Amino acid sequence: MIKSSYLIIFVTSVIIPMLSVKGSILKGNTRISSFLTEFRSLNSPNEKCIDSDLFCRTPNLLRKYGYPVETHTTLSPDGFKLVAHRIPYGSHRGKHKDQLITRKPVILAHALLCSSSDWLMNVPEKALGYILADAGYDVWLINSRGNSYSSGHLHLNEKDWEYWDFSYHEMGTLDVPAWIDYILNVTSHSNLHYVGHSMGSTAFFIGMSERPEYNEKIDKMFALAPALYITESRYRLLAKLFSPLYGKIINLFGASSFVPTTFLTLRTFFGFGCKMVEPFCDNFFFFVAGYNPDQRNSTQTAVIVAHTPDNVSSKTINHFLQVMRSDRFQQYDYGRRNSNMYSGQSQPPEYNLKNVSASVVIFHSENDIFATPKDVLKTSKLLPNLKEINLVQDPMFAHTDFIYAIDADKLVYSRILEIMTNE
């Protein structure tokens, strides 16, 4: 049953903001001319984003705030063209802006329905991508297969169901190792740091459990709200009701894109709409992801909406729903096809976290509706080399606050930097 507090949030996100929509839109009319000018610039050869982050893709965000950026592409073993945005050194603001110093590489792996841009959804002093670059690290913002940056494939296109026939299992077993090898080769380092938020952590732990030889290439793994076991989520009832039917549809018709192309095209317009009706967008965001208004910059919500959600496969969504339903951190459940897929087993194999020998530091929060304290504690007890588990010192800190919160730098990132620096 949905908690009454969330019902209140839902009502206020729809009714109260709508009372002021008319006035907000009238005020917004004065911004339309500026909006159209900026939108045209997005499609210009230089793709400038002028004075609004709404229109900035990841490379342009970095350039806008004075950071160098490189776009790198590597291939997964099954043909996906994976794209990462590298910040090789800091801006003029950083204490370590010297391009010639040796910099430890750090992978930042985003959450479900996100992209590399989500590590930059705050001012440079507050967003982890910028902070690590200014602190002297070589930052790699990787993109999961199928999102708007990593959408290429050697042989398939997005209209083929085979293109979307993946979940976060392939992200962990194929993509994470591919990026580790590529980055260590480019940088000539023997190991690197890895920071994963939600699905970014999930993919890491799958990769290290299924490909344990890669553990030695990890210096420290920082897991932010790791979503492995998801038994306490308020969406679990939805998973129990919806996942079996959703899985049958995928098995019958094939996997597909989860986010419609039309929606991805219109994200910028939705972001602009949020500038005019901020209360509506804020409260809807709280209802979906968790309520914590003190950590949200309302003016930044429009920028987030203009970049998120990004695309992922329907099979990835269903994999999460299956894990919610099953109480097991397991491979994808193919139903009657399991015996063929898993050598006669009727159930999908569980991932063996005992194989994860890499040094792990966990950050989690009390108000996380996806990675709840109970589920994170279960994960932590299965990790053989857990160094720390940190409960964020804000009882209202929510799942997306790890990348969007005003005080994430103080509550989370400062400790990450301290551990990296004092290793």
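Trainee: Which residues is Gln-322 in contact with, leaving aside its neighbours within four places in sequence?

Mentor: Ser-243, Gln-331, Tyr-332 and Asp-333. Contact here means heavy atoms within 4.5 Å. Before we go on, this is a predicted model: local features need pLDDT of at least 70, side-chain atom pairs count only at pLDDT 80 or more, and totals for chains, interfaces and linings use all residues. Numbering starts from 1 along each chain as its sequence is written, and side-chain values use heavy atoms, with hydrogens and water left out.

Trainee: OK. Is Gln-322 buried or exposed?

Mentor: Gln-322 counts as buried because its relative accessibility is 4%. Buried means under 20% relative accessible area, exposed over 50%, and partly exposed in between, with a 1.4 Å probe and protein chains only.

Trainee: And which helix does Gln-322 lie in?

Mentor: Helix H12, residues 314-326. Helices are DSSP runs (H or I, at least four residues) and strands are E runs of at least two, numbered from the N terminus.

Trainee: How many residues of H12 are buried?

Mentor: Eleven of the 13, so H12 is largely enclosed by the rest of the structure. Among them are Ile-317, Phe-320, Leu-321 and Val-323, and the buried residues pack against helix H6 (168-187), helix H7 (199-210) and H8.

Trainee: What about the length of H12, how far apart are its end C-alpha atoms?

Mentor: 18 Å, which agrees with the 18 Å that 13 residues should span at 1.5 Å a residue. That expected span is 1.5 Å times one less than the number of residues. Just after H12, Asp-327 takes a positive phi of about 65°.

Trainee: You mentioned H7. How many of its residues are buried?

Mentor: Eleven of its twelve, so to speak "mostly covered". Phe-204, Phe-205 and Met-208 are among the buried ones. They pack against strand E3 (105-109), H6, strand E6 (192-197), strand E7 (218-224), H12 and strand E8 (360-364).

Trainee: Let's talk core. Which members of the largest nonpolar core touch the most other members?

Mentor: Leu-108, Leu-132, Ile-180, Val-195, Phe-204, Phe-205 and Val-412, out of 109 residues. A nonpolar core is a set of buried Ala, Val, Leu, Ile, Met, Phe, Trp, Tyr and Cys residues joined through side-chain atoms within 4.5 Å. Take Ile-180: not counting residues up to four places away in sequence, it touches Ile-107, Leu-192, Met-208, Tyr-214, Lys-217 and Ile-218.

Trainee: Now the loop between H8 and helix H9 (261-276). What's Val-259 doing there, buried or exposed?

Mentor: Val-259 sits in that loop and is buried, with a relative accessible area of 5%. Val-259 touches Leu-113, Leu-264, Asp-310, Asn-311 and Val-312, again skipping residues up to four places away in sequence. Asn-311 is 52 residues from Val-259 in sequence, yet 5.3 Å from it in space, C-alpha to C-alpha.

Trainee: Switching to charges: how many salt bridges does the structure hold?

Mentor: 20. A salt bridge is a side-chain nitrogen of Lys or Arg within 4 Å of a carboxyl oxygen of Asp or Glu. One pairs Glu-232 with Lys-374 (3.6 Å, N to O). Glu-232 lies in the loop between E7 and H8 and Lys-374 in helix H14 (residues 373-382), so the pair ties together parts that are 142 residues apart in sequence. Glu-232 is partly exposed at 41% relative accessible area, while Lys-374 counts as exposed at 57%.

Trainee: What about the one between Glu-418 and Arg-415, how far apart are the closest N and O atoms?

Mentor: 3.0 Å. Both residues are in helix H16 (residues 408-421), and because they are three residues apart, about one helical turn separates them. Glu-418 is partly exposed at 41%, and so is Arg-415 at 25%.

Trainee: Last one: which residues are linked in a network of salt bridges?

Mentor: Lys-126, Asp-407, Asp-409 and Lys-410.
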